[in-house]
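Follow along with the model open if you like.

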Amino acid sequence: MVKNMGLFKKEKEQKKKKGIIREWVDAFLFAVVAATLIRWFFMEAYMIPTPSMEKSLLVGDYLFVSKLHYGPRTPQTPLQVPLTHQSLGNIKTYSDAIQLPMFRLPGFSEVKRNDVVVFNFPEEMQYPTDLKTNYIKRCVAVGGDTLKIRDQQLYVNHTAVDAPEDSEYYYKVTTKKQGISRKFFKDHNIYDYTSDHYTNYSLSPMRKGDESIYRLPLTQAQAQDLKKYNFVKSVEVDLDNHRSYQDAYTKDSTYLWQVDNFGPLVVPQEGMTIPMNEKNITLYRKVIQNFEYNDNVEVKAGKLFIDGEEVRSYTFKQNYYFMMGDNRHNSLDSRFWGFVPEDHIVGKALFVWWSMNPDASESPLGRIRWNRIFKIID
């Protein structure tokens, strides 16, 4: 009788132990499923990895991005490790063996001019759309708009558009021979984004006689502030017209467009019909070939062919957007690779929930940007 009671007790303990493990497994699975649904349907966290939006958004800012504003997209690639994107390290975390049609559920807003938008980078044709790298830029023109840039000034539909207050441009800064110290750069929040490290303050000048000449990324307020110092001789906007047209969107010598002189260019809109002349083929061939779900798109003798038939006019199947970084001289954006299709839109950036300065020389607490926590993005 004592022996039977011992077996019963041991069996009861084993069941209890299995029950605790099962509870933890169930709780973990529930957490993963809940987090996946929230990430897909409601909101997703995103970190700013590059300075293309400086000083509006800073490297080390952590954002919440709303999926509800523009409407969440149904998954295109269902076979992937939950809560991952393309990979973990060098390990691929998805299979494209199954690709589903992607639809957008209703949202309560459309992408508007001046929205800060997260989207899938259109140029990554090696990935399914929903797994392309996430980019963040400001939408400066929507479908149907005519955009151009003249001597750095942006025009949309022939109206000048002011740059965001914290946007940056490169300025030519001429100082006395002694130049500017590293401490001055750090104290005035001036960084050399072209260097390998975000916190490189060297910003080496060009020496010319008794002068030092710098090319500095500055906001308008920083540029005005520099003029106050007696060792600064002049501060002038440095127009970026030195790059080859082959860096720009069309990469065609017909359009000698540059970063600060670009367009005019009409942004495609769903239902908009354009003639397929040689000019429009140059401007819109990539869109029609890569993002309009057409098969066998070819250009022969300056004419467009789809499935072997010549196309004399073309009607766009979705809306497109023109995106630019607020760091206007240090942003690879639509001026270089073209339009963002509507089906590549991920969501609207809402607010910064955490921010850490990547400067490793600061103390852990000193790296926290307290003034940016819960900062609304506009």
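Predicted model: local features only at pLDDT ≥ 70, side-chain atom pairs only at ≥ 80, totals over all residues.

Residues are numbered from 1 along each chain as its sequence is written, and side-chain values use heavy atoms, with hydrogens and water left out.

**Entry 1: the whole chain**

I looked up the helices and strands, which are DSSP runs numbered from the N terminus (helices: H or I, at least four residues; strands: E, at least two). The protein chain has five helices and 23 strands. Of its 378 residues, 45% are buried. Next I checked contacts, meaning heavy atoms within 4.5 Å. Taking those between residues at least 6 apart in sequence, I found that 69% join residues at least 24 apart. I also looked up the accessible surface, which comes from the Shrake-Rupley method with a 1.4 Å probe; for residues, only the protein chains shown count as cover. The total for the protein chain is about 20800 Å², and carbon and sulfur atoms account for 55% of that.

**Entry 2: a residue in a helix**

I turned to Phe185, which sits in helix α2, residues 182-187. Why does Phe185 count as buried? Phe185 counts as buried because its relative accessibility is 0%. I then compared positions: Leu216 is 31 residues from Phe185 along the chain, and their C-alpha atoms are 9.9 Å apart.

**Entry 3: backbone angles**

A reminder to myself: most residues other than glycine have a negative phi, and most peptide bonds are trans. With that in mind, I looked for exceptions.

Lys55 lies in the loop between β1 (43-47) and β2 (61-66). I noted another cis bond between Gly263 and Pro264, with omega about 10°. Pro264 belongs to strand β14, residues 262-266.

Then I checked phi. Gln152 is not a glycine, yet its phi is positive, near 85°. Gln152 lies in the loop between β7 (146-150) and β8 (153-156). Is Gln152 buried or exposed? Gln152 is buried, because its relative accessible area is 15%. Asp307, also not a glycine, has a positive phi of about 55°. I found Asp307 in the loop between β17 (303-306) and β18 (309-311).

Technical notes: Buried < 20%, exposed > 50% of the residue type's maximum accessible area, 1.4 Å probe, protein only.
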